[in-house]
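Trainee: Can you walk me through this model? I'd like to know how to read it.

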Amino acid sequence: MLIACCIAALFLTGCGATLSVYDYTENGVHYQMYELSIDGSTVAAMEQSAATDDSGKKYTVESYFAKLFDDFGFTLVSATRAGTYTVRYRKAVSNGGELAELGTKVKFDTTYTQNPFVRTYTSVSQNPFNGVRKSYDNVQSLQSSTVLERIKNGAVARDENGEIVVSFPALVDAFPYLKSLNPDGLLLNYVRYGSDRMESSGRKVKTDNGTAYVFSRYFDDTDTFIKYSYKRAVPYGWYIVAIAAGAAVLAGLLIATRTKKQKPALLSELPPVEQSADDSLSL
């Protein structure tokens with residue numbers, strides 16, 4: 001899922017470039033959206049060194065990424081260039097998308113601990129960017145069928161004479177300024193939506209679409225993990241409390257009722273009335 005934008009930004013390290021990949025479902029369709037942000041001064045330097053396309057026009061950041069993503073079926077969501085250049089592309093995916101093939105599929109392993117009242121779940125998965133750098137380093141010279149390969153090699157093929165033909169340049173060939181930059185420090189963000197009541201190893205942020213969790217790492221060989229934890233009530237513990245409370249109330253009522261029955265009647269507490277001889281009637 002994240003692969004397209006992630007690779008598109010590979011060489012932008014050290015110059016204010018960030019790739020954020022949003023993983024979400026909308027109207028029953030699973031999407032991955034790639035947000036690439038590049039500092040304005042870097043964009044200017046890239047375009048100053050830009051090569052020309054077949055029509056003789058210099059590549060721009062917009063035109064290069066538009067062609068790249070369009071070739072792989074991505075749809076432009078938004079693009080702004082006010083200081084920082086920020087562009088968003090998205091694509092409906094299945095089975096983890098292209099990133100799952102080049103990186104690691106997000107698959108959570110869930111365990112839990114509990115007491116009589118609360119069960120705490122912990123879900124852990126590998127970061128989907130794990131393995132992407134290795135895949136990038138292993139790309140061969142004529143491979144260009146994935147976004148990762150296209151970024152590194154461009155669109156390449158052999159003609160009928162066995163000559164290599166490049167119909168779309170590699171990123172560093174389109175913008176030679178990037179050849180001097182080290183990709184290791186490129187910041188990669190994996191963004192996933194979830195319940196507001198969870199805790200995670202990432203940063204919790206509020207968005208217009210709800211609560212999102214951001215898991216950050218760099219474009220290197222380090223393996224990182226994403227982790228969530230959340231709590232659920234344990235029904236039987238609360239049932240026991242409810243039963244015990246009900247029993248206590250019932251016992252209290254029974255005791256109160258029994259005490260009331262044993263209390264002497266009001267008339268029996270009065271002294272007996274004495275009759276005088278004059279008050280007696282004779283027949």
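Trainee: What kind of model is it, and how are residues numbered?

Mentor: This is a predicted model, where local features need pLDDT of at least 70, side-chain atom pairs count only at pLDDT 80 or more, and totals for chains, interfaces and linings use all residues. Residues are numbered from 1 along each chain as its sequence is written, and side-chain values use heavy atoms, with hydrogens and water left out.

Trainee: How many helices and strands are in the chain?

Mentor: Eight helices and 13 strands. They are DSSP runs numbered from the N terminus: helices are H or I with at least four residues, strands are E with at least two.

Trainee: And how much of the chain is buried?

Mentor: Of the 283 residues, 37% count as buried. Buried means under 20% relative accessible area, exposed means over 50%, and partly exposed is in between (1.4 Å probe, protein chains only).

Trainee: What share of the contacts comes from residues 24 or more positions apart?

Mentor: They make up 61% of the contacts with a separation of 6 or more. Contact means heavy atoms within 4.5 Å.

Trainee: On to sheets. What is the strand order in the open sheet of seven strands?

Mentor: S3-S4-S2-S1-S9-S12-S11, with mixed pairing. S3 and S11 are at the edges with a single partner strand each, so one side of each has no neighbour in the sheet. Neighbouring strands are turned by 20 degrees against each other on average, direction ignored. Two strands pair if DSSP finds at least two bridges between them.

Trainee: How do S2 and S4 pair?

Mentor: Antiparallel, over eight bridges. S4 covers residues 84-92. Glu35 has Arg88 as its bridge partner in S4.

Trainee: Which strands does H3 touch?

Mentor: H3 packs on the sheet and touches S2, S3 and S4. The direction of H3 makes about 10 degrees with that of S4. For such angles, axes are lines fitted to C-alpha atoms, for helices over the stretch in contact, and angles run from 0 to 180 degrees between N-to-C directions.

Trainee: Which residues of H3 are buried?

Mentor: Val61, Tyr64, Phe65, Leu68 and Phe69. They cover an arc of only 115 degrees around the axis, which puts them on the same side of H3. The arc is that of the directions from the helix axis to the C-beta atoms.

Trainee: Why would they line up like that?

Mentor: An α-helix has 3.6 residues a turn, so residues three or four places apart point the same way.

Trainee: What follows H3?

Mentor: Gly73, with a positive phi near 80 degrees.

Trainee: What about the open sheet of four strands?

Mentor: The order is S5-S6-S13-S10, with antiparallel pairing. S5 (109-114) and S10 (199-200) are the edges, each with a single partner strand, so one side of each is left without a neighbour in the sheet. S6 and S13 pair over nine bridges. Thr122 has Ser229 as its bridge partner in S13.

Trainee: Now rings. How many aromatic pairs are there?

Mentor: The search of the whole structure finds 17. One of them is Tyr34 with Phe74, edge-to-face, at 5.1 Å centre to centre and 75 degrees between the planes. Tyr34 is in strand S2 and Phe74 is in the loop between H3 and S3, 40 residues apart. Both are buried. Rings of Phe, Tyr and Trp (its six-membered ring) pair if their centres lie within 6.5 Å; planes under 30 degrees apart count as stacked, over 60 as edge-to-face and the rest as tilted.

Trainee: Which residues do ring pairs link into a cluster?

Mentor: Tyr34, Tyr59, Tyr64, Phe65, Phe69, Phe74, Tyr89, Phe168 and Phe175.

Trainee: Which ring does Arg90 lie over?

Mentor: Tyr31, at 3.8 Å from the ring centre. The charged end of Arg119 sits over Tyr112, 4.3 Å from the ring centre. The cut-offs: NZ of Lys or CZ of Arg within 6 Å of the ring centre and within 35 degrees of the ring normal.

Trainee: Last one. Is Asn27 buried or exposed?

Mentor: Exposed, at 75% relative accessibility. Asn27 lies in the loop between S1 and S2. Its phi is positive, about 50 degrees, although Asn27 is not a glycine.
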